[in-house]
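Welcome! Open the model in your viewer, and let's take a short walk through it together.

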Amino acid sequence: MITKITKEMMRAWIGGDNLNVDYLIDVLVEIVNDEYSVNSFYNDIYDYLFSEGH
């Protein structure tokens with residue numbers, strides 16, 4: 001079963017110090033250009049939140 005990523009989960013993964021438009025645009029550009037797969041993006045968020053006890 002896939003856990004849906006919520007806005008709060010995304011905010012925790014991004015972190016308060018990176019909540020700026022340029023950082024988010026960089027992530028989106030990597031995804032759109034297939035430099036960062038959606039699956040890897042999901043796994044990075046999931047692993048950060050559930051494997052590191054956040």
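Helices here are DSSP runs of H or I with at least four residues, numbered from the N terminus. This is a predicted model, so to speak of local features we need pLDDT of at least 70, and side-chain atom pairs count only at pLDDT 80 or more, while totals for chains, interfaces and linings use all residues. Residues are numbered from 1 along each chain as its sequence is written, and side-chain values use heavy atoms, with hydrogens and water left out.

**First stop: helix α1.** Select residues 7–14, where Met9, Trp13 and Ile14 are the buried residues. They lie on the same side of α1, because they cover an arc of only 130 degrees around the axis, taken from the directions from the helix axis to the C-beta atoms. Buried means under 20% relative accessible area, exposed over 50%, and partly exposed in between (1.4 Å probe, protein chains only). Now turn to the other side of α1, where Lys7 and Glu8 are exposed. What do the buried residues of α1 pack against? They pack against α2 and α3 (38–51), with contact meaning heavy atoms within 4.5 Å. Just after α1, click on Gly15, which has a positive phi of about 85 degrees.

**Next: helix α2.** Select residues 21–32 and find Val29 among them. Is Val29 buried or partly exposed? Val29 is partly exposed, with a relative accessible area of 40%.

**Last stop: helix α3.** Pick Val38, which lies in this helix and is exposed, at a relative accessible area of 57%.

Methods
Helices (H or I, at least four residues) and strands (E, at least two) are DSSP runs, numbered from the N terminus.
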